[in-house]
Amino acid sequence: MTESTIGRPRTVVANLPSYRPGKGATQAEAEHGITGAIKLASNENPMAPLDPIIAAITEAAAGVNRYGDHRATSVREALANRLGVSSDQVTVGNGSSGILQQLYLSYVDPGDEVVFPWRSFEVYPVFARLMNGVSLQVPLAADLGFDIDALVAAVSDRTKLIILATPNNPTGTASTTTELRSLLNQVPEHVVVCVDEAYREFLDPGFGDPVTELLPDFANLIVTRTFSKAHGLAGLRVGYGIGHPELIATVDKTLLPFAVNALAQAAALAALDHEPAIGERVQAILAERARVEVELAAAGWRFPNHQGNFVWLALGERTDAVAFELERRGVVVRPFSGDGIRITIGAAEENDRFLAALAEAVGVAGSGS
Ligand SMILES: *Cc1c(COP(=O)(O)O)cnc(C)c1O
């Protein structure tokens with residue numbers, strides 16, 4: 001990477017690698033001289049938004065000479081109604097990543113600590129570095145679940161935030177509200193705990209609902225969710241957080257002016273009007289995930305208890321080689337070097353292509369580990 005000599009970037013920024021999103025199909029086609037590649041790398045919804053959502057976006061497009069509503073008030077109110085909380089308990093941001101960044105901006109001073117399980121969502125350590133904060137990464141347990149005792153033990157006087165993705169990205173494992181309650185009971189009230197539920201809609205309801213079960217008891221809890229995954233609105237950037245009104249007011253102070261654009265607000269409102277249809281699509285993705293798991297198991301693969309719209313193959317040292325062979329066959333996945341590969345559940349034909357390519361890829365890349 002070339003160092004910029006322009007201006008004097010903050011040391012943390014100068015030393016930070018550029019953000020690399022999951023590779024796109026077009027990029028993989030160019031790199032490997034192939035056509036017809038598919039992208040199963042970013043946990044996107046394979047289906048275009050529902051027609052009434054597209055219609056709402058189209059209608060809103062005529063008004064984009066005006067700024068949208070800074071606070072996305074009607075989205076907050078619709079979400080509050082839907083969730084059975086008051087609207088001052090809801091914030092809406094530029095994707096749930098935007099809200100996560102606001103949490104760091106709002107709570108993390110230089111030297112402050114952020115505790116999270118690892119491996120988990122890539123942005124958690126990056127945001128900590130940007131704040132000159134300290135990431136405390138607590139290894140996942142053997143079954144890839146969270147080690148609640150170790151997380152609690154990692155908390156110190158300097159800890160400002162604990163972030164728990166459930167279902168976790170990239171492993172797909174989830175925590176029950178009983179486990180989350182146990183953690184909340186053991187950490188000081190002045191530590192903010194963020195439960196990142198980007199994949200909430202795909203989660204088995206048996207894991208419980210932190211909004212209804214935990215928020216009434218813990219003022220230091222914020223639950224974040226998004227329209228990017230289940231609702232298929234990743235490209236519009238809209239997510240939300242639910243918490244105590246005072247915590248929400250603090251987070252709102254760091255909201256970038258007009259962070260949630262007018263099209264995103266219109267789409268989110270329309271999505272909330274069509275939850276049954278979105279729920280059916282989620283069920284279809286879950287059925288595909290189950291089918292892929294059956295095929296993987298039949299081929300001898302072992303994997304964790306997946307609760308998101310993706311699967312995790314712990315390939316260890318073979319990760320890069322297998323990902324490369326998949327890509328050469330036009331199947332773009334998300335490798336985490338030395339650890340494993342995350343594969344998004346796509347449309348049925350895409351999943352079939354993945355399964356066929358995987359069988360070949362491990363043959364070429366070697367199956368021993
Ligand atoms: C995808 C994802 C998000 C956020 O997505 P947005 O598009 O920014 O809402 C947040 N957390 C996890 C764990 C994710 O995988």
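The model is a predicted one, in which local features need pLDDT of at least 70 and side-chain atom pairs count only at pLDDT 80 or more, while totals for chains, interfaces and linings use all residues. Residues are numbered from 1 along each chain as its sequence is written, and side-chain values use heavy atoms, with hydrogens and water left out.

The domain assignment, whose bounds come from an automatic or database source, divides the chain into domain 1 (19-43 + 276-365) and domain 2 (61-273). The centres of the two domains, taken over C-alpha atoms, are 26 Å apart. Across the boundary, 19 residues of domain 1 are in contact with 22 residues of domain 2, contact being defined as heavy atoms within 4.5 Å. About 1,700 Å² is buried between the domains, with carbon and sulfur atoms giving 64% of that area; buried area here is the accessible area (1.4 Å probe) that two parts lose on being put together, summed over both. On the side of domain 1, I278, Q307 and F310 lose the most area to domain 2, and together they account for 34% of what that side buries.

The interface also holds two salt bridges, a term for a side-chain nitrogen of Lys or Arg within 4 Å of a carboxyl oxygen of Asp or Glu. E122 forms a salt bridge with R334, and their closest N and O atoms are 3.8 Å apart. The elements that give two or more residues to the side of domain 1 touching domain 2 are helix 12 (275-298), strand 9 (310-313) and strand 11 (334-336), where helices (H or I, at least four residues) and strands (E, at least two) are DSSP runs numbered from the N terminus. Helix 12 gives the largest share of that side, five residues.

Within the loop between strand 5 (159-165) and helix 8 (177-186) is N168, which counts as buried because its relative accessibility is 0%; buried means under 20% relative accessible area, exposed over 50%, and partly exposed in between (1.4 Å probe, protein chains only). The side chain of N168 makes polar contacts with the side chains of S120, at 2.7 Å, and of T171, at 3.0 Å. Such a contact is a pair of N or O atoms within 3.5 Å; within protein, one must be able to donate a hydrogen and the other to accept it, and residues adjacent in sequence count only if both atoms are side-chain atoms. Leaving aside residues up to four places away in sequence, N168 touches R119, S120, L140, F146, T173 and F310.

Helix 6 (residues 123-130) has V123, Y124, P125, F127 and A128 buried, and what covers these buried residues includes helix 5 (95-107), strand 3 (113-118), strand 4 (134-139), strand 5 and strand 6.

The structure as a whole holds 20 salt bridges. In one of them the side chains of R158 and D112 meet at 2.8 Å, N to O. R158 lies in the loop between helix 7 (148-154) and strand 5, and D112 in the loop between helix 5 and strand 3, so the pair ties together parts that are 46 residues apart in sequence. R158 is partly exposed, with a relative accessible area of 40%, whereas D112 is buried at 4%.
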